[in-house]
Amino acid sequence: MQLRISNVGKIEKATIDIDGITVIAGENDAGKSTIGKTLFAIFNSMNNMDEKIAQERKNKIYVIIRMLLQGRLLQKTNNFAERMQNINGFARRLSVGIMECSNDYRLGNIEDFLRSQINKSTVFENKVELEEFIKECSSRVEQLLSIPDEKVMTEVITRWFNRVFEKQMSPLRDGGIDSNIEMVIKDKKITYLFKEDACVNWNSEINILHQAFYIDNPFVIDEMSDHFNVKKITESHLLKYLCNNDGDIFDGIFDAVIAKDKLNEIYSILGEVIEGDIEENQDGEYWFKSSKYAKPLNVKNLSTGMKSFALIKKLLENGSIKEKDVLILDEPEIHLHPEWQLLYAKLIVLLQKEFDLSMIITTHSPYFLDAIDVFSAKYGTSHRTRFYLAENHGDLSSLHDATDNIDIIYEKLSDPMQMLENLRYNG
């Protein structure tokens, strides 16, 4: 997989190869996070989108029918609860039926369908009201169905990128510059053109079926008990999979079993740091239960380093991480002691190997960088590990492939230590 971007944030132009682990290191404010955010927005805006649009259309049709029925029928009954139940059920059946025959959504066909279904019911007693309902409902549904999927998708892409980039994806240095993004997977492309943070053109030759997870803040685990109120899109998306509380006990169960069967070494690493499990109590609060403690510990009271490992463990236990998914880790070492940085790097390399993940990792730590390099060699994945150096050039930044010359990254990261040494001996 290759990502090509131009005029996105501070990055004027960059080409990044992603096949296994891609590490981006370098200066602050040099566009390192931009790569991960772009990949996250691409995967989640395009993931299974045809099905999602069809489902949203059905949901909207249901709302239209339900509201029209409510306006005409609720005032005619004293049994509000029973009437609402009938209306909701009837609206749901009609919306499903309309979507099933929506390949030919001419107004007359929708009217005929509604008339055939409603005539079989006792919802309307007055034929005048029945025809008024059919006319209005058909008109509104036909308007909804006539909106092309491509137009809906353009709006979806714009919303995803705006939420990920906080409506500041376009270059800040100058207005009116177009942003271009291209992702290539096995010679097939997804392309986007943005003007002033709005997608104006896109094309996709790929059906995205895999998830992308963005982890940049271990404190997100504190929000598990109240995740519906989280506003940051990367965190709300992650919390949905961490909590995994849709009520279906079989959700992700096979992936969880597979993970537990084959990831003994990974669970051994996790066990070195976090001996226990995060569980939800009857009040919807999340607690850490461990034989080390006499009573459960609120997840908010876990150390920041433990939270970093707990996030990964919870995603594995839920069966959320699947083969060939995308995992984006923005400065994961920032809250970790150097010893735990090495453990986390080992964990990442093993995860990539076992799940064939595509990973983007940004870092400032020479310990962490070196650990990724060493463990990739140890576990035979060096050929799928690449290193990039991000550098500032005034208002712009660039990314250079340093895989064959990783020493230039070490030099960049060690410059501050050399400055301290110079001060120590030269005053």
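The exercises below, each with a worked solution, concern a predicted model.

**Exercise 1.** Find how helix α6 is oriented relative to helix α7, and state which residues of the two helices meet.

*Solution.* Begin with the geometry: helix α6 covers residues 149-164 and helix α7 covers residues 233-243, and the two pack at an angle of about 105°, with their axes 8 Å apart. Because angles of 65 to 115 degrees count as roughly perpendicular, α6 is roughly perpendicular to α7. Next, look at the contact itself, where Trp160, Arg163 and Val164 of α6 meet Ile233, Ser236 and His237 of α7. Finally, sort the residues of this contact by class, which gives three nonpolar, two polar and one charged.

**Exercise 2.** Describe the second largest pocket by its volume and its lining.

*Solution.* The volume of the second largest pocket is about 510 Å³. Its lining consists of 18 residues, and those nearest the centre of the pocket are Ile185, Lys186, His210, Lys324 and Ser358. Divided by class, the lining of this pocket holds seven nonpolar, four polar and seven charged residues.

**Exercise 3.** Locate asparagine 7 and glutamate 331, and give the phi value of each.

*Solution.* Take asparagine 7 to start with: this residue lies in strand β1, which spans residues 2-8, and its phi is near 60°, a positive value in a residue other than glycine. With a relative accessible area of 15%, asparagine 7 is buried, since buried means under 20%.

Note on methods
Residues are numbered from 1 along each chain as its sequence is written. This is a predicted model: local features need pLDDT of at least 70, side-chain atom pairs count only at pLDDT 80 or more; totals for chains, interfaces and linings use all residues. Side-chain values use heavy atoms; hydrogens and water are left out. Axes are lines fitted to C-alpha atoms, for helices over the stretch in contact, and angles run from 0 to 180 degrees between N-to-C directions. Helices (H or I, at least four residues) and strands (E, at least two) are DSSP runs, numbered from the N terminus. Angles under 35 degrees count as roughly parallel, over 145 as roughly antiparallel, 65 to 115 as roughly perpendicular and the rest as oblique. Contact means heavy atoms within 4.5 Å. Ala, Val, Leu, Ile, Met, Phe, Trp, Tyr, Cys and Pro count as nonpolar, Asp, Glu, Lys and Arg as charged, and the others, Gly among them, as polar. On a 1 Å grid over the protein atoms alone, a cavity is a set of points where a 1.4 Å probe fits but cannot get out, and a pocket is an open set with protein on both sides within 12 Å along at least five of seven lines; lining residues have an atom within 4 Å of a point. Grid points are joined across faces, edges and corners, and a volume is the space filled by probe spheres set on the points. Buried means under 20% relative accessible area, exposed over 50%, partly exposed in between (1.4 Å probe, protein chains only).
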